[in-house]
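Notebook open, viewer open. I'm jotting down what I look up as I go.

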Amino acid sequence: MDLAGQDEGQEPLLDCQIAVSAVFEGSAAIGEARDMARDFLTSVQAVHGLPVSSRAMGVVQLVVSELVTNARKYAPGPCLLTLEVTDGAVRVDVWDSSTTLPAVRGADPERVGQHGLEIVMAVCRSFAVHREPVGKRITATVVLADDLDGAAAGHQVM
């Protein structure tokens, strides 16, 4: 049996896209979005064999919760959540129909609430807001695995 060339035209496993997307509406969407993030990262570990630290699992669910909450609260209509693994991190994209860009407020220990974007920016590798032809897209990335010394990957323990 000649197996030479059998894999021609097939992409290597490492080059395949690992992603999931869903549209959310209503207040139940926030819990559903968190569940989707947890299920996706569990699959990333179990099916694709990529390491996902417990820290990353919690941080991604927090980021998804904050971004979907803001989209549902401040934008009319549905929002689109996309999770994609790339370069050792999960990219969280949330699109909504509002053209109003989020404003990160200055630190104020006396302010009650409205600290979500501050927290998201503090725990993510990167954070960006992009205007779209309709609405906006917020993108945040979270590293999947911690370094052996316990620090979030890419960060040094002081």
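This is a predicted model: local features need pLDDT of at least 70, side-chain atom pairs count only at pLDDT 80 or more; totals for chains, interfaces and linings use all residues.

**Helix packing**

I started with the crossing of H2 and H3, which is left-handed; that label means the near helix is turned anticlockwise from the far one by less than a right angle, right-handed being the clockwise case. The axes of the two helices come within 10 Å and cross at roughly 145°. Axes here are lines fitted to C-alpha atoms, for helices over the stretch in contact, with angles running from 0 to 180 degrees between N-to-C directions. On the H2 side I find Val59, Leu62, Val63, Glu66, Leu67 and Asn70 making the contact, and on the H3 side Gly116, Leu117, Ile119, Val120 and Val123. Contact means heavy atoms within 4.5 Å.

**Ground rules**

Residues are numbered from 1 along each chain as its sequence is written, and side-chain values use heavy atoms, with hydrogens and water left out.

**The chain as a whole**

I get three helices and five strands in the protein chain, in the order β-α-α-β-β-α-β-β along the sequence. Helices (H or I, at least four residues) and strands (E, at least two) are DSSP runs, numbered from the N terminus. Of the 158 residues, 34% count as buried, where buried means under 20% relative accessible area, exposed over 50% and partly exposed in between (1.4 Å probe, protein chains only). For contacts with a separation of 6 or more, 59% link residues 24 or more positions apart.

**The core**

Which residues touch the most other members of the largest nonpolar core? They are Val63, Val64, Leu81, Leu83 and Val92, out of 34 residues. E1 (18-24), H1 (29-46), H2, E2 (79-86), E3 (89-96), H3 (116-123) and E5 (136-143) each give two or more residues to this core. H2 has the largest share, nine residues. The core is a set of buried Ala, Val, Leu, Ile, Met, Phe, Trp, Tyr and Cys residues joined through side-chain atoms within 4.5 Å.

I clicked on Leu83 and set aside its neighbours within four places in sequence. Leu83 is in contact with Ile18, Ala19, Val20, Met36, Ala37, Phe40, Val64, Val90, Arg91 and Val92.

Ser65 sits in helix H2 (residues 54-74). Is Ser65 buried or exposed? Ser65 counts as buried because its relative accessibility is 14%. Not counting residues up to four places away in sequence, Ser65 touches Ile30 and Arg34. With Arg34 there is also a side-chain polar contact of 3.0 Å. A polar contact is a pair of N or O atoms within 3.5 Å; within protein, one must be able to donate a hydrogen and the other to accept it, and residues adjacent in sequence count only if both atoms are side-chain atoms.

Ser53 is in the loop between H1 and H2. Its relative accessible area is 12%, so Ser53 is buried. Leaving aside neighbours within four places, I see Ser53 in contact with Leu144, Ala145 and Asp146.

**Loop residues**

Asp87 lies in the loop between E2 and E3. Asp87 has a positive phi of about 50° although it is not a glycine. At 68% relative accessible area, Asp87 is exposed.

Pro76 is in the loop between H2 and E2 and counts as exposed at 57%.
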